[in-house]
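Try each task before you read its solution.

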Amino acid sequence: MTTFGNSSRFGTSSALELCLGGNTFGWTSSREVSFEVLDSFTGAGGSLIDTADSYSAWVEGNSGGESETIIGQWLAARGNRDDVVLATKVSQHPEFKGLAPKNVAAAAEATLRRLGTDHIDLYYAHFDDEQTPLEETVGAFEELITAGRIRAVGVSNYSADRVRQWFEIARREGYTLPVALQPHYNLVHRGDYESGLSEIARAEDLAVMPYFSLASGFLTGKYRNRTDLEGAARAGMAGKHLSEQKLRVLETLDAIASRLEVAMPTVALAWLRTRDQVTAPIASARTPEQLPALLAGARLQLSAEDAQALTAVSSAVED
Ligand SMILES: NC(=O)c1ccc[n+]([C@@H]2O[C@H](COP(=O)([O-])OP(=O)(O)OC[C@H]3O[C@@H](n4cnc5c(N)ncnc54)[C@H](OP(=O)(O)O)[C@@H]3O)[C@@H](O)[C@H]2O)c1
């Protein structure tokens, strides 16, 4: 069996340590531009694509599923389903909320239809659903595995305890174990992952794919004050980071990027790749022009000194 990153249980390999985020598709990237981003990503050797059934329901006029639909149309146009690894998520689509078994089964079928494929490579529980007994959710994912509708299981936005419980249930029942963890993790948001989740990720050899790797664009350095955020689609998210401590992280990032003659997001992604169990940061590109800096971040090897300088300055951030 080939492996994905550190996880010996994800039967897929990806040469490029970058997962392309799909929440721009149908939001800040039109269908045409999304196709260009996807073409550029796969043309550069990328294969891992992340989306969710709910993307991008938050946009006025959308109902959820727009990102999967665009990816499905692109796969059909290019005829390259076997060349990509599709990761998507369940629990947040307005019509398929939560993780009750019937809902998971129906949501998965809707996703498969939108993607125009007969299987999902990696299926995440998007957010924990404490109203549904975890045994039932774990069982629902196992049914999809047995039916061949999904190939691997992942969890996102779960606490360390709940991830541990998922493993306990799966082991007890003889079910397939999760292979991937998708936490919110970046240079200005370290606590969630580093205070508990990293431990279980290491113990269970989970492939960790952080989301918001660029802190919604903040770590690209282009949003440094309120004026920079005016009119930006990500103003709400990126604007949360305009604190003194976080701006200090940007200064260090900027200094290292300038010395290495690379872009700031390149260094931000390279730092994530130095962290425990991280196999492929997830980042999205609104345009094909934004992509090269992300691709470079999948390859840059930071020196121990540079990685340490970033770790030190970001340790002071209270998030
Ligand atoms: N599991 C979860 O709950 C969860 C939550 C959120 C996201 N995700 C996943 O993680 C992915 C990444 O998150 P995200 O896209 O929200 O945030 P992100 O990757 O931290 O930021 C991406 C944004 O930064 C800007 N950007 C990227 N490259 C740039 C460059 N070279 N120069 C200038 N700006 C650049 C673009 O936005 P602008 O140009 O518009 O500024 C881009 O859309 C998503 O697509 C999704 O797949 C998962």
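**Exercise 1: Around the ligand**

Of the 31 residues around the ligand, Asp 50, Lys 222, Tyr 223, Ser 284 and Arg 286 come nearest; near means a heavy atom within 4 Å. This is a predicted model, where local features need pLDDT of at least 70, side-chain atom pairs count only at pLDDT 80 or more, and totals for chains, interfaces and linings use all residues. Residues are numbered from 1 along each chain as its sequence is written, and side-chain values use heavy atoms, without hydrogens and water.

Task: find how far a polar side-chain atom of Arg 286 lies from an oxygen atom of the ligand.

Solution. Start at Arg 286: the distance is 2.8 Å. This is a polar contact (a pair of N or O atoms within 3.5 Å). Next, take Arg 234: a polar side-chain atom lies 2.9 Å from a ligand oxygen. Then go to Asn 23, where a side-chain N or O atom is 2.9 Å from an oxygen of the ligand.

**Exercise 2: Gln 290**

Task: decide whether Gln 290 is buried, partly exposed or exposed.

Solution. Locate Gln 290 in the loop between strand 10 (282–283) and helix 11 (291–297). Helices (H or I, at least four residues) and strands (E, at least two) are DSSP runs, numbered from the N terminus. Gln 290 counts as partly exposed because its relative accessibility is 25%; buried is under 20%, exposed over 50%, partly exposed in between (1.4 Å probe, protein chains only). Finally, check its side chain: a polar atom there lies 2.7 Å from the backbone nitrogen of Arg 286.

Note on methods
Polar contact = N/O pair within 3.5 Å; in protein donor to acceptor, adjacent residues only side chain to side chain.
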